Amino acid sequence: METYALLIAATLNAGTVLAIAALGLLINEKAGVVNLGAEGMMLCAAIAGFAAVVHTGNDWLGFAAGMGAGALLAAVFGLLVIWLGTNQYATGLALSLFGVGFSAFAGIGYVQEKLPERVQHAIPLLADIPLLGQALFRQHPLVYVAMALCVGLIWFLDRTRTGLVLRAVGESPEAAHALGYPVRRIRLVAVVTGGALCGLAGAYISVIYTPLWVEGMVAGKGWIALALTTFATWRPARVLLGAYLFGGVTMLQFHLQGAGVEVPSEALSSLPYVATIVVLALISRNPTWIRVNMPASLGRAFHPGS
């Protein structure tokens, strides 16, 4: 039973990274913008957050530094794509490559650094419940923030005027512009917000998930987060469930290796990526699922007066 509790706890921990990043990218795509630079933003945020904690000893300042780094890079991406009209796919890929290289350069001096001793978090009384306490109620606060963020985003998109405007900008930017809404500014705010959440996910990796700095430590999670938005057909609740699914697959490989399962380690390490491809292939067999929820202007530039 304890093994199952540890697996569930590890799944929530791993899924939190994907959930926060994917929810940020979902906000981007609801506004009609695709940012392929998630991997680079998360890497830059990871080194920014790690460095901040090394110098201050405060995890929350590390998270703030990560969010700032992600928001800054996303703002540059947004200005290039939304105002200067560069190709968003090429710009996103360039941002991802830049993030990989810059984070490796900036992190050279932090490879051997260690963070202060981690604080053990637990919800009083609930943490003492057999099995459930260890599995669900001894998590870092950001695990619960990710869940609350999902619920809040559902409410924001479906129940608030601002959320409906954001969706309108993604569905029909020309109509939103005709009604007097500043489409470009709304898209830029959405892109920066999404970048900040990707930055928070990156900082969570280096500060909590694996509290150290290693070059390339995001290890494709930015790309999986991008795939999650399609896997979830742009619905926040499905994003959260998908994040835990892929987080569970990621943790399962380590438990199988620890149990001595006679499977090549390379095959086990590829499980999360294989799962991503399989799920996307299954979804693609029913294009209606994607068409119903996909923002109509996704990936299309907006030119006022066009």
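This is a predicted model: local features need pLDDT of at least 70, side-chain atom pairs count only at pLDDT 80 or more; totals for chains, interfaces and linings use all residues.
Local features were required to have pLDDT of at least 70 and side-chain atom pairs pLDDT 80 or more, while totals for chains, interfaces and linings use all residues. Residues are numbered from 1 along each chain as its sequence is written, and side-chain values use heavy atoms, with hydrogens and water left out.

Residues up to four places away in sequence being excluded, F246 is in contact (heavy atoms within 4.5 Å) with L18, I224, L228, F231, P272, A275, T276 and V279.

Four aromatic pairs were identified, the criterion being ring centres of Phe, Tyr or Trp (its six-membered ring) within 6.5 Å, with planes under 30 degrees apart counted as stacked, over 60 as edge-to-face and the rest as tilted. F50 and Y110 form an edge-to-face pair, with 6.5 Å between centres and 90° between planes. This pair links distant parts of the chain, as F50 belongs to helix α2 (residues 38-56) and Y110 to the loop between α4 (88-106) and α5 (132-136), 60 residues apart. F50 is buried at 0% relative accessibility, where buried denotes under 20% relative accessible area, exposed over 50% and partly exposed the range in between (1.4 Å probe, protein chains only). The rings of W60 and F63 are also edge-to-face, with centres 5.2 Å apart and planes at 80°. These two residues lie three apart in helix α3 (residues 59-83) and are therefore separated by about one helical turn. W60 is partly exposed at 48%, whereas F63 is buried at 2%.

Two salt bridges (a side-chain nitrogen of Lys or Arg within 4 Å of a carboxyl oxygen of Asp or Glu) were found in the whole structure. R118 and D59 meet at an N to O distance of 2.9 Å, joining the loop between α4 and α5 to helix α3 across 59 residues. R118 is partly exposed at 23%, and D59 is buried at 17%. In the salt bridge of R167 with D158, the closest N and O atoms are 3.4 Å apart; R167 is partly exposed at 31%, as is D158 at 43%.

Technical notes
Helices (H or I, at least four residues) and strands (E, at least two) are DSSP runs, numbered from the N terminus.
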